[in-house]
Amino acid sequence: MKRVAIIGYAVSRLEWDAEKTREEAVFEVAREAMRSAGIEREDLGTAISASTDFLDGRTISNCMLIGASGAYLKDESKAEEDGMYAALYAAQRIMSGVHDVALAVSHTHSWIFNPHQVTQYMLEPWFDRQNELLNEITLAALQARLYMSRSGADEEHLAEVCVKNLRNAAKNPAAFRKMADVTVEEVLESRLYSSPLTELMIAPPCDGAAAVILASEEAAKEFCDDPVWIRGIGNACDRYLRDRDLGRLDSLRIAAERAYRMAGIEEPFRQIDVAEVTERFAHQEFMAYEALGFCREGMGKVLIEEGMTEVYGEIPVNPSGGALSGDPVCATGMIRLIEAVRQIRGETENQVEECRTALAHAQWGLCAQKNLVFILGDRL
Amino acid sequence: MGVDRYSGLPFVARFRWNVGKTMEKFYRSFAEKKILAARCEKCGYTVVPPRQICPKCYSTISEENLVELSGKGVVESLTEVAFKLDGKGGYIWLEKPELLAAIRLEGASSTIFARVEGEAKVGSEVEPVWAEKIEGKPSDLISFKVVE
């Protein structure tokens, strides 16, 4: 199996009602990612995009984006999910030896239609979709309560996750929701959507695009002075809502175990220097701490209480601000991957010292049904 | 300022699905105020609404293995919902929040999500609230209420 590196990337500024077409947004990040990797369009073997028909309001949502991503007449394909899955498929194409250089690109313009409304289409249509109260937010609220009743975490703990991430975001020029001085009280007093979840505990949908260039070992050494290596990958999808334990992220635990095994990581708390996770709702960051093995089950709140996941802590999580600082749905996980790359290269605004091993996480589906983990390193 | 936007939607989609034989039985038995589940012969997993394939062990569940549940259940999780989505992406803010629960029905292994009435808490025992006129349709089962 060939080794794979990330050699270039680009992220757009996350905003609301971006004054550009999605074709322009995708073109800008694709071109910038290629420029940062030092490659030309001719060097590109394959391109995989990530977008969603329902969010874009078009069937075949990559229609008109193939040109924008420089992929005409190339081995092109689309993932109907987070862009980190596009990166996974691109990595697999390189591992197989079929291609040497790949582009993975993702975008969502949330402004065009409310993504939370679209999540009702993720519900099984015969029974759950008959219940007008069910959507991504209310189901996440049920998940939060279930997690809280088991772990003893309370609303203030959830608010502390928001405070950490929104303050981190204040230094991130690309972030959408930045609140340098936000307090626990302000989070708790923001508009209640579905208890315990208030507005600031819900990742804000926004417009954005992101792209990464992946390369085989030979190509990486040819084009790039500081490639970031993909050392481990794990992916797992859980059962449908009604048949899974919503209070645990079993699929994330399994995905992490697979990625750790591939990367040779035995003690994640000690061996991982930084983690960028997709916490679409505040409680999911705690659930991620536990599923990723950073602490024992139910102990996520202790990591926040002790400041261990702050930028200066033992295991910094979401120094970029995470999904709570901006959720351009299909690009959100890919941005976590790019932030992990930037940490290893020492390029971030909230830089973790001596960062050599980073974890990136993407999720998809209601209550994080599907989870993907990448382990990145500064060497093979 | 900025650029103009146009809606390019030429139709409003109202999808209709065939629910399949098992779900049809499930809904038709609402006419007798019955809630049916499918119990897997092989692993014992009991799924409601019923399915033809066990979501746990993938065995086929035949029609003889449809079982009637008591209808009573326990609230596993609960949220006060302050909004509804209007179908067009907008929010309708409710004057009075509605309670939505994850309920484990007696004898079932899977969870269902339903509106609940009354002073429900996590752990409360609940029972179905049926419509006055029942006709074997999804609308027959209005909600659940706390057992007095």
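The second largest pocket of this predicted model has a volume of about 370 Å³. A pocket here is an open set of points on a 1 Å grid over the protein atoms alone, with protein on both sides within 12 Å along at least five of seven lines, while a cavity is a set of points where a 1.4 Å probe fits but cannot get out. Grid points are joined across faces, edges and corners, and a volume is the space filled by probe spheres set on the points. Lining residues have an atom within 4 Å of a point. For the second largest pocket there are 19 of them, and A:Trp126, B:Arg51, B:Gln52, B:Ile53 and B:Pro55 lie nearest its centre. The lining is made up of 10 nonpolar, three polar and six charged residues; Ala, Val, Leu, Ile, Met, Phe, Trp, Tyr, Cys and Pro count as nonpolar, Asp, Glu, Lys and Arg as charged, and the others, Gly among them, as polar.

Turning to the cavities, five of 30 Å³ or more were counted. The largest cavity holds about 80 Å³ of space, and its lining includes A:Val11, A:Leu14, A:Asn172, A:Arg336 and A:Glu339. Helix H14 (residues 332-345) of chain A gives the largest share of this lining, three residues. By residue type, the lining of the largest cavity has five nonpolar, five polar and two charged members.

Aromatic rings come next. Rings of Phe, Tyr and Trp (its six-membered ring) pair if their centres lie within 6.5 Å, and planes under 30 degrees apart count as stacked, over 60 as edge-to-face and the rest as tilted. Over all chains, 17 aromatic pairs were found. In one of them, A:Phe127 and B:Phe26 have ring centres 5.7 Å apart and planes at 75°, so the pair is edge-to-face. This pair crosses between chains, linking A:Phe127, in the loop between helix H5 (115-118) and helix H6 (136-151) of chain A, with B:Phe26 in helix H1 (residues 20-28) of chain B. Helices (H or I, at least four residues) and strands (E, at least two) are DSSP runs, numbered from the N terminus. Both A:Phe127 and B:Phe26 are buried, a word used for under 20% relative accessible area, with exposed over 50% and partly exposed in between (1.4 Å probe, protein chains only). Another pair, A:Tyr193 and B:Phe83, is edge-to-face because the planes stand at 65°, with the centres 5.6 Å apart. Since A:Tyr193 lies in strand S5 (residues 192-194) of chain A and B:Phe83 in strand S4 (residues 73-85) of chain B, this pair joins two chains. A:Tyr193 is buried at a relative accessible area of 12%, and B:Phe83 is buried at 1%.

Charges also meet rings: the charged end of A:Lys370 sits over the ring of A:Tyr85, 4.6 Å from its centre, and B:Arg5 lies over the face of A:Trp111, at 4.8 Å from the ring centre. For this, NZ of Lys or CZ of Arg must be within 6 Å of the ring centre and within 35 degrees of the ring normal.

Helix H7 (residues 155-169) of chain A is largely enclosed by the rest of the structure, because 11 of its 15 residues are buried. Among them are A:His157, A:Leu158 and A:Cys162.

Residues are numbered from 1 along each chain as its sequence is written, and chains are lettered from A and ligands numbered from 1 in the order in which they are written. In this predicted model, local features need pLDDT of at least 70 and side-chain atom pairs count only at pLDDT 80 or more, whereas totals for chains, interfaces and linings use all residues; side-chain values use heavy atoms, with hydrogens and water left out.
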